[in-house]
Amino acid sequence: MIEPVKRLVRIVNPHLYGEPGETRAARNFRRMRIGIVIVASLVTLQSLLLVLGAWRNDAQIEGNMGVAEAEVLSAGPRRSTIEFVTPDRVTYRPELGVLYPSELDTGMRIYVEYDKDNPDLVRVQHRNAALAIIPAGSIAVVGWLVAGVALMGLSLFERRLAGQTDEPIKLSSQSSS
């Protein structure tokens, strides 16, 4: 049981340093493995920053919160535009729309929470950054799954290429007539 796991780690693990006698092809494959791991790590970092940004926005809203009734002007799964009037009778249409816009329809009347110092920062009432965890986590997991498949494919390709170069070249003899 342990041996297959060790073999898998050896196949997938990108060594950061070259080995003595490393061929050009082996060096290129090592660099490609490192590149794949770096890209997957960047996707994970992006997902983490997405959640942290949502938490920061929520903290900013909760620090100086105002509540207002809003009308949904256009609705989409990732972006919905709204219009709301603050208690001091100022109408706002946030340029970036409302945070956490899922399940909204055009023409709906909803309550929103906004930052009184920055009324362009608005979220649907009773929704928060916890809604961003599953989509961001899914992106990270899919990124690592794709990276794992790419690393395995690269390993198989490297093995196949190494197997071709190890075989002796066979020349067929021609007979003269």
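Me: Is Arg-33 buried or exposed?
Reply: This is a predicted model, where local features need pLDDT of at least 70, side-chain atom pairs count only at pLDDT 80 or more, and totals for chains, interfaces and linings use all residues. Residues are numbered from 1 along each chain as its sequence is written, and side-chain values use heavy atoms, with hydrogens and water left out. Buried means under 20% relative accessible area, exposed over 50% and partly exposed in between (1.4 Å probe, protein chains only). Arg-33 has 7% relative accessibility, so count this one as buried.

Me: Which residue forms a salt bridge with Arg-33?
Reply: A salt bridge here is a side-chain nitrogen of Lys or Arg within 4 Å of a carboxyl oxygen of Asp or Glu. For Arg-33, the closest N and O atoms are 2.8 Å apart, and the partner is Glu-158.

Me: How far apart are the N and O atoms of Glu-113 and Arg-123?
Reply: Both residues sit inside: Glu-113 is buried at 7% relative accessible area, and Arg-123 is buried at 3%. Their side chains meet in a salt bridge, N to O, at 2.6 Å.
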